[in-house]
Amino acid sequence: MDETGVVASLALHVVLEPIFVELESSEKYLAATQTLRSAFTKAERCHPGLCQDFIAGVLEAEGVALDLPEVLLRLSCKDAEHYIINSEEVEFVQLNERAIALKKKLSHIPDQIQDRSKFLQTIKDIASAIKDVLDAVNEVSKKRQISPQMKEYKKTLDNHKKVFVKSSRSFSDTLKKYFRDGRTENVFLSANRLINHTNALLAMYKTIGH
């Protein structure tokens, strides 16, 4: 956790958040829902992965057999307000678009992983999309380097970038292992981690781009 309190969680923002929004439509549940959202957010901030564990526990208790990492990966391309930078500046628009493109390519993995030729092309597309995101991040840093927010959060931004790069390399290593052992679950988990780190980047840049 960094000083900005950025929380990036597919389970929280793609699965639980739509439920909170629906509950808030009723005045009867408004206050309770806001309290619940705050509690889950704080818990996820202190214990990353807690929301996913919670959902997995509910599914298990209900006897629902579901590959949660695969489901989250498929849902990862859905728009989540938490990860959209609210700025019309060209560099932020570009970062938004490129990050969304990367997440969409990653979300297609479950549908293409069994077709070797399609999956190999997807891997190439993902590698290119990762480079595009890094280029966009560098462009934002270049154009906003003298802004007060950029100066204030520079250390944290640099750390998020390093984590994103590390996660990208880890994803690449996981793919190499997959072609040896065929374990799709590890690919899904690694892709989800990369998406979460992409979302953390977006949430962080949203802080300075609003």
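Residues are numbered from 1 along each chain as its sequence is written, and side-chain values use heavy atoms, without hydrogens and water. Because the model is predicted, local features need pLDDT of at least 70 and side-chain atom pairs count only at pLDDT 80 or more, while totals for chains, interfaces and linings use all residues.

**Exercise 1: the whole protein**

Task: Find how many helices and strands the protein has, and how its radius of gyration compares with the globule rule.

Step 1. Helices (H or I, at least four residues) and strands (E, at least two) are DSSP runs, numbered from the N terminus. The protein has nine helices and zero strands.

Step 2. The radius of gyration, taken over C-alpha atoms, is compared with 2.2 Å times the number of residues to the power 0.38. For 210 residues the rule gives 17 Å, and the protein comes out close to that at 18 Å, so it is as compact as a globular protein of that length.

Step 3. Now look inside: 40% of the 210 residues are buried (under 20% relative accessible area, with a 1.4 Å probe and protein chains only).

**Exercise 2: helices α3 and α4**

Task: Work out how α3 (residues 50-61) and α4 (residues 68-75) are oriented to each other.

Step 1. Axes are lines fitted to C-alpha atoms, for helices over the stretch in contact, and angles run from 0 to 180 degrees between N-to-C directions. Here the axes come within 11 Å and cross at roughly 120°.

Step 2. Angles under 35 degrees count as roughly parallel, over 145 as roughly antiparallel, 65 to 115 as roughly perpendicular and the rest as oblique. The pair α3 and α4 is therefore oblique.

Step 3. Contact means heavy atoms within 4.5 Å. Q52, I55, A56 and L59 of α3 make the contact with L68, P69 and L72 of α4. By class, these residues are six nonpolar, one polar and no charged.

Key:
Nonpolar A, V, L, I, M, F, W, Y, C, P; charged D, E, K, R; others polar. Buried < 20%, exposed > 50% of the residue type's maximum accessible area, 1.4 Å probe, protein only.
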